[in-house]
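The sequence and structure are shown first.

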Amino acid sequence: MERYRTRKLLLALAAAGGLLLTACSGGGDTGDSSAADRGDHTAGPPAAAHGDQDGTDERDERREDPDHLSTFALDVDTASYDYTRRALADGRLPDPSTVRPEEFVNSFRQDYERPDGDGFSVTVDGARTDDEDWSLVRVGLATRTAERGGERPPAALTFVIDVSGSMAEPGRLDLAQESLAVMTDRLRDDDSVALVTFSDEAETVLPMTRLDGNRDEIQDAIDDLDIQNSTNLGAGVETGYETAVEGLREGATNRVVLVSDALANTGDTDADSILEKIAGERREHGITLFGVGVGSDYGDDLMETLADKGDGHTVYVSDEDEARKVFCEELPRHIDLTARDAKAQVAFDPETVEEFRLVGYDNRRVADEDFRDDRVDGGEVGPGHTVTALYAVRTEPGAEGHLATATVRWLDPGTRAPHEESGDLEADALDDSVWSASRGLKTAATAAYFADVLGHDGPSLPGAPRLGELSEHADDLADRTEDEELRRLAEAIGTANRLK
C-alpha cells in the first residue's frame, strides 16, 4: 500500500540531509532508479501539465515535483469483487489477501463522457469526507462505446479449459460448457475458435476453426469435454499459446481465454515461470490473455498474476447469469482493443495537496519516470470500458486553486503510436460530501470503503463509516437508483455486516 507523503516532511528531510528531489524514485511507488541513472534515454519526463509549453508556467513546475506524482498501469479486472460476493453468499468472509479495492471500484460502470474514437476521455472530480481536510478524488477514464453488432476485426479465440478433477464441482466445467456453447452461436461467421484442455497434460482438441460452416463441429468438441485428473495449468497455458500462434490470423484479434479454478497442483505452478515460457508469443504476436475464474475454492493470486502480466484481465463467475454475461455479452463485444500498454499519471499540486494515497492498484504501480517509457508494460483496454482510480487526498487548510492533473498515455493497438489525454481538478470543484456527490462518485466511494473494511482489521480510508453505516448508505443508493448491480452491492455489504 502506497505510503502517505507530506510536503512538510519532505522539506524537512531535504533541509537535514541535502536530499535532491530530482534523484528520488518517483512518487515513492517503487524503489527503481531514475531513467537517467539507468542510462535509459528513451524514457520521457513525467507527464506535463496543461499550460505554456516553454516551461515558464510556475504551476506546471510545481506539478512536476516528483514526490507529488503517482503512476500506475490501467487495470479493468473485476474478479476480486465477484469472488468476494461468492464467499459472502457461502456464509464466509473473504480472505483479506484476495480483496483488491480497485477491482471493487471497477466492477461498476460509470457515466463518464466517451471519446469519439479510440483512446480515452479523462474525468477528474472529488468530494470531501467527514475527516477534516480529507477528500476522495476520482480519476475516471473511458473508452468509446462498444456498439452491439458494430464493426470490429474478426476474432481468433483460443479457449484453454481446465478439465481437472476439481472442475467436476457444479458451477465449474458444466457452467463453462454451457456458456461456450451459447457464445459460439453468437460469434460471427468470420470469427474462429480453438479448444485446448488440460489436466495432467494439455491437449489441443480443436485447432483454430472458422465458425462459418463449422458450428456443429465446434459444439460437439465443447460437449465432449470431460473431467480427468490433476491441474497442470502451466502446460495448459503453454499449449494454448502454441495453438494460438499456429492458428494466428493477421488482422484479427488473437486472444487466449483461460477458464479455470486456478488450483494448479502439478507441473509449473509459478505464474512468472509460466509467463516466461510464452513471452515470445505475447511480444511478437500481441496475443492477450483473458482469465475466467470459477469455483468456490479459487486460485485468485495465480490467475490475477497471469492476467496482469499477460497483457489481459480477469473476471470471476459463480452462476449461470454471470457466465452468460461474460461469455455471451462482454467477450464478443469487447474482443477488439482500443489501447495497449495504457498507464495513468496523476500530478498533485504541492501548493494545495499535503498528502495523498492511491486506493488499491498495489501490483500495478509504475515508476514515475517510466510513464513515457513505452517499453514498460501497461494495461490493455477495449471498447466500452471505464477505469476508475480513487485517491485519498489531504489538502492544505483553506486550499484554493489547482489540485491535480491526471494524464493517461496509451499506444495505438495497430500502429503502436503513443497518445495522451489529460484532465484537471480545482479545489473549488470538490463536492461538500461524498454522500451528497454524484451517483458515480458515491458508488465508487461505497465500493472502496467496502473493500477497505474487508481487507483490514478496521477502516483505514479517511471518512470511512462503520460497516453498519455503510450498509445504510448502500441501501439508500440502491433504493434511489433502482439499479440491480447496486442492489447486489448493498446486499453483499449487509451480509458482511452480519458475518462481522
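## Arginine 439 and aspartate 483

In this predicted model, aspartate 483 has a relative accessible area of 23% and is therefore partly exposed. Its side chain meets that of arginine 439 in a salt bridge, with an N to O distance of 2.7 Å. The pair links distant parts of the chain, 44 residues apart. Arginine 439 belongs to helix H12 (residues 439–455), whereas aspartate 483 sits in the loop between helix H13 (467–481) and H14. Arginine 439 is also partly exposed, at a relative accessible area of 44%.

## Salt bridges within helices

Two further salt bridges are formed inside helices. In the one between arginine 480 and aspartate 476, the closest N and O atoms are 2.9 Å apart. About one helical turn separates arginine 480 from aspartate 476, because the two are four residues apart in helix H13. Arginine 480 has 64% relative accessibility, so this residue counts as exposed. Aspartate 476, with a relative accessible area of 35%, is partly exposed.

Glutamate 320 and arginine 324 are likewise joined by a salt bridge, their closest N and O atoms lying 3.3 Å apart. Both residues are in helix H11 (residues 320–333), at a spacing of four residues, or about one turn of the helix. Glutamate 320 counts as partly exposed at 38% relative accessibility, and arginine 324 counts as partly exposed at 29%.

## Salt-bridge count and network

How many salt bridges does the model contain? The count comes to 35. A network of salt bridges links Arg86, Asp90, Arg92, Glu169, Arg172 and Asp261.

## Negative surface patch

Which residues gather in a patch of negative charge on the surface? They are Asp216, Glu217, Asp220, Asp223, Asp224 and Asp226. Patch membership requires over 30% relative accessible area and no salt bridge. Aspartate 223 has 52% relative accessibility and so counts as exposed.

## A buried aspartate

Is aspartate 191 buried or exposed? Its relative accessible area is 0%, so aspartate 191 is buried. Aspartate 191 is located in the loop that runs between helix H5 (173–186) and strand S5 (192–198). A polar atom of the aspartate 191 side chain lies 2.9 Å from the backbone nitrogen of arginine 188.

## Residues distant in sequence

Glutamate 485 lies in helix H14 (residues 484–499). With a relative accessible area of 29%, glutamate 485 is partly exposed. The C-alpha atoms of glutamate 485 and arginine 109 are 9.6 Å apart in space, while the two residues are 376 apart in sequence.

Arginine 114 is in the loop between helix H4 (101–105) and strand S2 (121–128). Its relative accessibility of 24% makes arginine 114 partly exposed. From arginine 114 to leucine 141 the C-alpha to C-alpha distance is 8.7 Å, and these residues are 27 apart in sequence.

Technical notes:
Residues are numbered from 1 along each chain as its sequence is written. This is a predicted model: local features need pLDDT of at least 70, side-chain atom pairs count only at pLDDT 80 or more; totals for chains, interfaces and linings use all residues. Side-chain values use heavy atoms; hydrogens and water are left out. Patches are made of residues with over 30% relative accessible area and no salt bridge: like charges are joined within 9 Å, nonpolar side chains (Val, Leu, Ile, Met, Phe, Trp, Tyr) within 5 Å. Accessible areas come from the Shrake-Rupley method with a 1.4 Å probe; for residues, only the protein chains shown count as cover. A salt bridge is a side-chain nitrogen of Lys or Arg within 4 Å of a carboxyl oxygen of Asp or Glu. Lys and Arg count as positive and Asp and Glu as negative; His and the chain ends are not counted. The place of a charge is taken as NZ of Lys, CZ of Arg, CG of Asp or CD of Glu. Buried means under 20% relative accessible area, exposed over 50%, partly exposed in between (1.4 Å probe, protein chains only). A polar contact is a pair of N or O atoms within 3.5 Å; within protein, one must be able to donate a hydrogen and the other to accept it, and residues adjacent in sequence count only if both atoms are side-chain atoms.
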